[in-house]
Amino acid sequence: MKETNVGLGEQAVSRSPEDVLVAYGLGSCVGVVMIDPVSHASGLLHAVLPKRTAGISTNDANPSKYVEGGVEGLVAALVKAGANRNRLITRIVGGANMLIPSGLTKSFDIGTRNIEAARTTLNRLRMPISVEEVGGHTGRTVRVYVADSRVTVRVIGEKEREI
Amino acid sequence: MQEQILFDQDFLEKLKTIAREGVNNAASGFSGMVGRTIRFNYPVARLVPVLSIPQIVGRPEDEAVGIYLRFMGDLAGQIMMIIPHQKALELVDLLMDVPLGTTQHLGQLERSALGELGNLCGSFFLNSMAGKVNADFRPSPPAVMVDMIGAILEIVVLTTGGISEEALLVQANFMDGSRSVDADFWVIPDLNSLQDLIKKNSVV
């Protein structure tokens, strides 16, 4: 088994049975997993923010940083790797609100906005979500086992479990 | 169009000098609160890619405690203290003045004690900075998170990442030799407000 770390603002796509795609410690970020169970083409996106902030120009050419562009990029990369778009099974993970105990939270629920952005984008692309493991107030590590299309989530103090 | 100020090496060195006094002051507050002398290493000030922030201390899946506050006023920004979970338990023992190994779990009371520690260190740092640059800063109440390092540090990324690709990170470390309290202390000023403050005051 070879773990590929999918960091913030990154995506990874694989068809190699020895690969495990991992996003460690997703907090408010959202992980989007897409798997074609026939070709075993599997992808994981680790998106940070819902979409680009209007009026602010960064030299940022990285679409995977944002949910909206990242989901589209992931679908394109999977199709390029041999996936059939209509067979893709989609799961979303993350979008927690890490600051719930403090007064900072009201201005800052990016987790919820990330979840909404994922739902809206996937709905627009007519791609149903099969599993959501989202919200709450804890970080999650998500693993995608390319060999058998399993997807697992782990939170602090608990064992890895399949979703 | 706003004139850009370059955060070059010279600027970072000067900022480091100001931050050193702030960290020294925070360490004094820390020492007073736990009743022991807390040492600190000299802070570094550097520009880091925002998306790499969760990998700066430890592994992103390691369990840690994050104490987070923001500050507003003439300068806006964020303060984060990161403490490995086991060290946080030891720190609570010190704060509660109980034998080492007593605290096994971080409940409401223990989190509140850690929040107060973060509050105090943050306030001591900001008070020192405020005096130095003749400015006014107001800290928010602290938020205490017990979770994976990656999930905790994402807060800093989310706050900064929509605006800038790089963050200015002032990083120091508090140590207590015998009981090795190992706490990372970060200050991340908002770059736009830092530029405004520099222009107003010629502070550095």
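Me: What elements make up chain B?

Reply: Chain B contains five helices and eight strands, where helices (H or I, at least four residues) and strands (E, at least two) are DSSP runs, numbered from the N terminus. Along the sequence they follow the pattern α-β-β-β-β-α-α-β-β-α-β-β-α. The model is predicted: local features need pLDDT of at least 70, side-chain atom pairs count only at pLDDT 80 or more, and totals for chains, interfaces and linings use all residues. Residues are numbered from 1 along each chain as its sequence is written, while chains are lettered from A and ligands numbered from 1 in the order in which they are written.

Me: What makes helix 2 of chain B roughly perpendicular to helix 3 of chain B?

Reply: Helix 2 (residues 85–96) and helix 3 (residues 108–133) of chain B pack at an angle of about 85 degrees, with their axes 10 Å apart. Angles of 65 to 115 degrees count as roughly perpendicular, so helix 2 of chain B is roughly perpendicular to helix 3 of chain B.

Me: Which residues of helix 2 of chain B meet helix 3 of chain B, and how do they divide by type?

Reply: B:A88, B:L91, B:V92, B:L95 and B:M96 of helix 2 meet B:E110, B:A113, B:L114 and B:L117 of helix 3. Contact requires C-beta atoms, placed from the backbone, within 7 Å. The residues of this contact comprise eight nonpolar, no polar and one charged. Glu counts as charged, whereas Ala, Val, Leu and Met are among those that count as nonpolar.

Me: Why are strand 1 and strand 10 of chain A said to stand at the edges?

Reply: Five strands of chain A form an open sheet in the order 1-3-8-9-10, with mixed pairing. Strand 1 (2–5) and strand 10 (161–162) of chain A each have a single partner strand, so one side of each is left without a neighbour in the sheet.

Me: How do you know that strand 8 and strand 9 of chain A pair?

Reply: Pairing requires at least two bridges found by DSSP. Five bridges join strand 8 (residues 140–145) of chain A to strand 9 (residues 150–154) of chain A, and the two run antiparallel. A:Y145 stands opposite A:R150 in strand 9 of chain A.

Me: Which residues have the most contacts inside the largest nonpolar core?

Reply: They are A:V32, A:V33, B:F125, B:I152, B:V157 and B:F185, in a core of 107 residues. Helix 4 (residues 149–161) of chain B supplies the largest share, eight residues.

Note on methods. Axes fitted to C-alpha atoms, helices over the stretch in contact; angles between N-to-C directions. Parallel < 35°, antiparallel > 145°, perpendicular 65-115°, else oblique. Contact = placed C-beta atoms within 7 Å. Core = buried A, V, L, I, M, F, W, Y, C linked by C-beta atoms within 7 Å. Buried ≥ 20, exposed ≤ 12 C-beta atoms within 10 Å, placed from the backbone.
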